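Please read these comments next to the coordinates. They go from one residue to the whole chain and then back to selected sites.

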Amino acid sequence: MERKVVITGMGIWSCLGKTLEEVRDSLYTGKSGIVFSPERKEAGFRSALCAHIEQPDLKPFIPRNQRQFMPEEAQYAYMATRAALENAHMDPDFLSEHEVGIIYGNDSVAEATMNALDKFREFKETAACGSGSIFQSMNSTVTMNLACLFKLRGINLTASAACASGSHSVGLGYLLIRDGLQDCVICGGAQEANMYSVASFDGIQSFSVREDEPAKASRPFDRDRDGLVPGGGAATLVLESYEHAVKRGAPILAEIVSWGFSGNGDHISTPNVEGPARSLELCLKNGGISIDQIGYINAHATSTKIGDSREAAAIAQIFGDHKVPVTSTKSQTGHEMWMAGASELIYSILMMKHDFIAGNINFENPDEESAKIQIVPETREAHFDMFLSNSFGFGGTNSTLIVKNL
């Protein structure tokens with residue numbers, strides 16, 4: 001018998017804030033986290049735009065001998081997870097006495113890998129890499145670090161699926177709990193924010209060059225968009241079976257109703273319409289949800305010409321004349337990449353719990369495809385009890401989640 005899966009805790013480390021309250025207020029006021037980075041321009045970037053992510057101080061929480069294993073994104077993930085566990089009322093005693101798992105999205109550790117290999121090349125000795133470098137440079141660095149730091153004894157798995165990684169991590173956790181294989185799984189996504197992690201993206205001219213107006217550079221669905229803006233940080237959600245949550249008296253924030261996924265089976269970087277549309281269609285079908293039950297869509301839309309237009313076409317294909325409010329929070333955060341699928345669930349839940357839809361800032365003029373859907377350009381007071389969140393990635397990987405208010 002399938003079990004109901006609920007979210008009992010959330011934590012985030014974002015350019016919009018480091019607490020749920022800060023992030024909620026940033027969403028409501030339309031604050032942008034995008035800045036101009038002189039360091040990137042001096043280093044040779046075509047676009048020096050990026051999200052500003054504050055570096056956490058882990059010294060009060062983690063001893064030095066353990067911090068050496070943690071690259072940048074694992075540090076963000078630790079702070080987000082620490083907050084999520086507190087939000088879920090899970091203390092160290094509970095974690096040590098119960099089987100709690102972790103599935104986290106991550107798909108690169110560029111800076112840590114580069115630093116270790118630079119030392120090897122400089123000194124011509126492998127020992128120069130440092131004893132912590134292997135643990136810093138593996139894609140699974142987030143889950144291996146967090147599982148050890150929080151003493152987690154359940155599933156321990158990294159989801160590497162490009163910009164759908166965070167969403168897939170939540171979907172996998174949902175399946176394990178729904179089918180009775182786990183009672184509780186910590187899920188999320190993390191993205192390193194250093195310039196080395198996105199240099200190759202800049203090299204293929206993926207980024208907006210609207211450098212004179214950083215806050216207006218990320219403009220999903222807008223006719224005059226000229227590329228995405230890279231972001232980063234981490235977002236964590238605590239998933240539990242409803243019975244497990246009730247038994248321990250946990251705060252229940254929302255229910256994960258359904259997960260849909262698909263592959264484009266097409267070009268490695270250029271998305272099509274069919275793959276995303278199938279992800280949406282399967283998510284609705286798997287959850288037994290009709291389109292008129294969806295009160296809001298958090299779009300993947302990253303502010304690229306082709307990606308946004310193909311997603312708009314997919315939404316229009318599935319929802320037809322039923323014009324659901326659509327926004328992309330990437331207009332405020334830039335593209336949080338491996339983190340985005342998890343952070344955008346938190347952004348959407350915060351909106352749902354506080355009766356508003358954050359505006360798709362910088363949306364001034366639709367193009368042919370975005371004109372077919374209802375894009376909300378400014379914050380709107382609105383009550384909705386169910387939303388759909390899209391995450392798509394390179395290689396044609398698509399993930400769609402539906403979440404319900406409780």
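Leaving aside neighbours within four places in sequence, which residues is Ser 169 in contact with?

1. Ser 169 is in contact with Ile 103, Tyr 104, Gly 105, Ala 159, Cys 187 and Gly 188, once neighbours within four places in sequence are left aside. Contact here means heavy atoms within 4.5 Å. Ser 169 belongs to helix 9, residues 165–178. Helices (H or I, at least four residues) and strands (E, at least two) are DSSP runs, numbered from the N terminus. With a relative accessible area of 0%, Ser 169 is buried; the classes are buried under 20% relative accessible area, exposed over 50% and partly exposed in between, with a 1.4 Å probe and protein chains only.

2. On provenance: this is a predicted model, in which local features need pLDDT of at least 70 and side-chain atom pairs count only at pLDDT 80 or more, while totals for chains, interfaces and linings use all residues. Residues are numbered from 1 along each chain as its sequence is written, and side-chain values use heavy atoms, with hydrogens and water left out.

3. The protein chain contains 15 helices and 15 strands. The C-alpha trace spans about 60 × 55 × 40 Å along its principal axes.

4. Of the 406 residues in the protein chain, 58% are buried. Taking contacts between residues at least 6 apart in sequence, 79% join residues at least 24 apart. The accessible surface of the chain is about 15900 Å², and carbon and sulfur atoms hold 51% of that surface. Accessible areas come from the Shrake-Rupley method with a 1.4 Å probe; for residues, only the protein chains shown count as cover.

5. The chain carries 35 positive and 50 negative charges, and their mean positions are 1 Å apart. Lys and Arg count as positive, Asp and Glu as negative, and His and the chain ends are not counted. Each charge is placed at NZ of Lys, CZ of Arg, CG of Asp or CD of Glu.

6. A search of the whole structure gives eight aromatic pairs. Rings of Phe, Tyr and Trp (its six-membered ring) pair if their centres lie within 6.5 Å; planes under 30 degrees apart count as stacked, over 60 as edge-to-face and the rest as tilted. One of the pairs is Tyr 28 with Phe 356, edge-to-face, at 5.1 Å centre to centre and 80° between the planes. This pair links distant parts of the chain, with Tyr 28 in helix 1 (residues 20–29) and Phe 356 in strand 11 (residues 356–357), 328 residues apart. Tyr 28 is partly exposed at 38% relative accessible area, whereas Phe 356 is buried at 2%.

7. Trp 259 and Phe 261 have ring centres 4.6 Å apart and planes at 50°, so this pair is tilted. Trp 259 is buried, at 6% relative accessible area, and Phe 261 is partly exposed, at 43%. Phe 61, Tyr 78 and Phe 150 form one aromatic cluster.

8. Two backbone angles deserve a check. Most residues other than glycine have a negative phi. Lys 151 has a positive phi of about 60°; Lys 151 sits in the loop between helix 8 (141–149) and strand 5 (156–159) and is exposed at 55% relative accessibility. Gln 205 also has a positive phi, near 60°. Gln 205 lies in the loop between helix 10 (199–203) and strand 7 (233–241), and at 56% relative accessibility Gln 205 counts as exposed.

9. Which residues does Val 100 contact beyond its neighbours within four places in sequence? They are Phe 94, Leu 95, Leu 152, Arg 153, Gly 154, Cys 184 and Ile 186. Val 100 is in the loop between helix 5 (92–97) and strand 4 (101–105) and is buried, at 1% relative accessibility.

10. Tyr 196 is in the loop between strand 6 (184–191) and helix 10, and is partly exposed at 40% relative accessibility. Not counting residues up to four places away in sequence, Tyr 196 touches Ala 110, Glu 111 and Met 114.
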